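Okay, everyone, thanks for coming.

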Amino acid sequence: MTSITNSDAWVALVDHHKTIKSAQMRDLFQENSNRFNDNHIQYDDLLIDYSKNRINKDTLPLLTSLAREAKIDLWRDKLFSGEKINFSESRSALHTALRNKSNTPITTDGKDVMPEINASIDKMGVFSESIRSGQWKGFTGKRIKSIVNIGIGGSDLGPAMVCKALKPYGNKNIIPLFVSNVDGADLAQTLEQCNPETTLFIVASKTFTTQETMTNAFSAREWLISNLKDPAAISSHFVAISTNKVAVEDFGIPTENMFKFWDWVGGRYSLWSSIGLPIAIFIGMDNFKELLSGAYDIDTHFRTAPLEENIPVVLALIGIWNINFFNFTTHAILPYDQGLSLLPSYLQQLDMESNGKFIDREGKRVCLNTGPIIWGDSGTNGQHAFYQLIHQGTEIVPTDFLMPIHSQYKLGANGDTHHKILISNFIAQTKSLMLGKTEDEARDEMLGQGLTKRDIDLLANHKSFMGNRPSTSILFDKLDPKTLGRLIAIYEHKIFVQGIIWNINSFDQWGVEYGKQIASLVLPELRKKDTTTSFDSSTNNLINYTKKNL
């Protein structure tokens, strides 16, 4: 395939960038009173405002031409049809099938996957209701009150993020807890909150061999047996999400308590599958299905909306514009909702594990930046942590601001005191990042405050802001299961579109596997008493120093 950078669409964008790179957004807003109307998308109660990016009336049409050059529509069809677009692992990427509300057949390897998906959803529903109703009892006859999910990566970040975001919808008698780090402190501090008689462990590992997950699982099993004094307790307090029946049975979990998922579900796309079991238990299966329904809405929108009005496509193209033409290589996710405080971490894995690649689909080194550095925190906490750099730092950081119009909670005299303050901060941040403040404006402001000329001369530069810093605002009515499903799916498809334009495989993660491979070589050396000499001098000395001081 010819590099996208040699296409007519790319060359046109390079020329366009030269004409707009010095433009000020404050001027663009003054020149066009309809700038917001021209640069936003409304989908149901979702409002996507991308007007505070460095674009003009020509930018998006040129970017859309680039999307067509990259054959986004063709690759989109391949994604949804079950074609093995994850070619390096010879797998489909069929996370969209998991929320296929239409139930139309979707095939991979000549087999319709929908019957198994429907059976899995039914099994999740029956099991989750048995926990929520108290029908499922622990070994001593007590109902389950704590759910401890043991996983790592997508099997941890996805369920943890959703359970936190949708806590108001959760069962008040169930506490969801999540353990992922092999650092014993993670499991130990979690178990401090648990009663062994009322705790259910969900062990999420496709192969049931993942080192971190299984180390935690075996330690949790040991804790349970030591407290309940009978290995038979395992079957009442452990369930598995896996494909390895033999390993699950050897652990002590009956296969009827094993939930299946498939190799065409990548970990970071897996919360829609049985990996979402802790979500279903906590918020109930009806709400879990609403989560799926929201994602299905965006799947349909992504498949059918014109590229110019397609939310994931437009967001992806603006990202390409910022990353590859302005060289803004970081991206902050800033949700103004405490429930979404784990969303930046979740999207960090979703984006960086998907598009953090330097080899293209033809096996050649890419010639342009891929995968931005994703980070962020909830507002207003982030305002008092890192917004200083976003406003006045030398690195320009494009940002996504997310905001519900209505809070899940009512606090204050009128029930909205907190939320109106939150909204005011959300709007103010996007405006100030775009507008900035000139030195003359800073001087006039201080003059009005009665400062002396000496103080004004001293402070004017420090109180000025360059502005012209890009942001996208995403507003929605309320953070409920359907809305959360829509938001997650938007980012999934955005990342997919960017991967296609960069000509990379967004669905493998060999970098993760390589780190595990090296760890498997280091661990035996840590267990040996003799001096390690088989690695480089730094690695040898780190191992030997550690062994000496253990």
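Before I get to helix numbers: helices here are DSSP runs of H or I, at least four residues long, numbered from the N terminus. And keep in mind that this is a predicted model.

So, the largest pocket. There's about 930 Å³ of space in there. Its lining has 39 residues, and the ones nearest the centre are T210, G267, Q509, E513 and K516. Which elements give two or more residues to that lining? They're α7 (154-165), α9 (211-228), α15 (343-355) and α21 (510-527). The top contributor is α21, with 6 residues.

Moving on to the second largest pocket, we have about 580 Å³ of space. There are 24 lining residues, and D337, Q338, S407, Y409 and L422 sit closest to the centre. Helix α7 turns up again: α7 and α17 (417-435) each supply at least two residues of the lining of this second largest pocket. The largest share is from α17, with 4 residues.

Now the cysteines. How many disulfides do we get? The count is 0. Take C194: the nearest cysteine sulfur, on C163, is 14 Å away, whereas a disulfide needs the two sulfurs within 2.5 Å. Is C194 buried or exposed? It's buried, because its relative accessibility is 11% and the cut-off for buried is under 20%. C367, on the other hand, is exposed, at 55% relative accessible area.

Technical notes. Residues numbered from 1 in each chain as written. Predicted model: local features only at pLDDT ≥ 70, side-chain atom pairs only at ≥ 80, totals over all residues. Heavy atoms only, no water. Buried < 20%, exposed > 50% of the residue type's maximum accessible area, 1.4 Å probe, protein only. 1 Å grid on protein atoms, 1.4 Å probe; cavity = no way out; pocket = protein on both sides within 12 Å on 5 of 7 lines; lining within 4 Å. Points joined across faces, edges and corners; volume = space filled by probe spheres on them.
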